[in-house]
Amino acid sequence: MSYVNKEVIKNKTLKEFMEVLVFENKESGSLYAAQVIANKVLMNNSVNEETVLGLATGSTPTDMYKALIEINKSGVSFSRIITYNLDEYYPMKKSSPHSYHYYMYDHFFQHVDIHEENIFIPNGENKNEDLSKFCEEYELSIRRNGGIDIQVLGLGLNGHIGFNEPGFSMDSLTQKVTLSDTTRTAAVKYFGKKEEVPFQAISMGISTILSADHIMMMAWGNEKAEIVKESIEGQLSKDVPGTYLQTHKNVTIILDAESASKLDNDRISLIESKLS
Ligand code: PGA
């Protein structure tokens, strides 16, 4: 069994290794992302190997999780996947509906046959004095499991990846971070009031993200169009962490027509579908 997707409408390669796929809408883009993951899992399952996934939260990957749940129901087992989440608010109780821990079980884990012991999410319940040890162990654990095969990413309105905000250097590792005002404001839609949004988080580092074999970054909607353009076409800059992806050898950017609308159209060519 193999998954293919014929709905990609535009494709362009800006950097030698950066693949930008533009889909008609977020549903078809999300399905494609889920199919890439399913193919990797199927391949690894067939040789009894684990698949290590880096996972994201927020509004961007929700349809991808829905598609993955369907794929799991159709018979692709996730019993050999190991997952590392990008981030978690700090401090944050796992049981809080605002936690990314809660989000992941709600949107994905509780619906599939993943093993509890294979789930890793930064722990917002850590005591402050235990945090640096926790972060070190998170890095080691990723390495012990052979590194991340596919890292799923969203893109913040300010270009952050994970909670690595503008100004973060490319060699950052998993650590406690301070959230920018833009990020806290964007989170008001989940928390209700800005005062409720934590000021800090634990985030996988940029260097950790860039050490994944394959990175899939998704972005949807007009509000992301400008930052998508800056991240893909702009100069490499610590002011826009999304530009760091340009340095990775195997990145797939998955967009809908709206988030791709500000890209340099001359360089986007219509294709039949190289994926069919
Ligand atoms: P969003 O957030 O998916 O809620 O748009 C993306 C991000 O901040 O990385």
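Lys262 is partly exposed in this predicted model, with a relative accessible area of 43%. Its salt-bridge partner is Glu226, and the closest N and O atoms of the two are 3.5 Å apart. Glu226 lies in helix 8 (residues 225-233) and Lys262 in the loop between strand 11 (251-256) and strand 12 (269-270), so this pair ties together parts that are 36 residues apart in sequence. Glu226 also counts as partly exposed, at 39% relative accessibility.

How many salt bridges does the structure hold? There are eight salt bridges, and here are three of them:

| Pair | N to O distance |
|---|---|
| Glu226 and Lys262 | 3.5 Å |
| Asp63 and Lys66 | 3.5 Å |
| Lys194 and Asp181 | 2.6 Å |

The side chains of Lys194 and Asp181 meet at 2.6 Å, N to O. This pair links distant parts of the chain, 13 residues apart: Lys194 sits in the loop between helix 6 (188-191) and strand 9 (200-203), while Asp181 belongs to helix 5 (residues 181-186). For Lys194, the relative accessible area is 25%, so this residue is partly exposed.

Now to a pair within one helix. Asp63 and Lys66 are three residues apart in helix 2 (residues 62-73), which means that about one helical turn separates them. Is Asp63 buried or exposed? Asp63 is buried, with a relative accessible area of 13%, whereas Lys66 is exposed at 54%. The two also take part in a network of salt bridges that links Lys26, Asp63 and Lys66.

Terms used
Residues are numbered from 1 along each chain as its sequence is written. This is a predicted model: local features need pLDDT of at least 70, side-chain atom pairs count only at pLDDT 80 or more; totals for chains, interfaces and linings use all residues. Side-chain values use heavy atoms; hydrogens and water are left out. A salt bridge is a side-chain nitrogen of Lys or Arg within 4 Å of a carboxyl oxygen of Asp or Glu. Helices (H or I, at least four residues) and strands (E, at least two) are DSSP runs, numbered from the N terminus. Buried means under 20% relative accessible area, exposed over 50%, partly exposed in between (1.4 Å probe, protein chains only).
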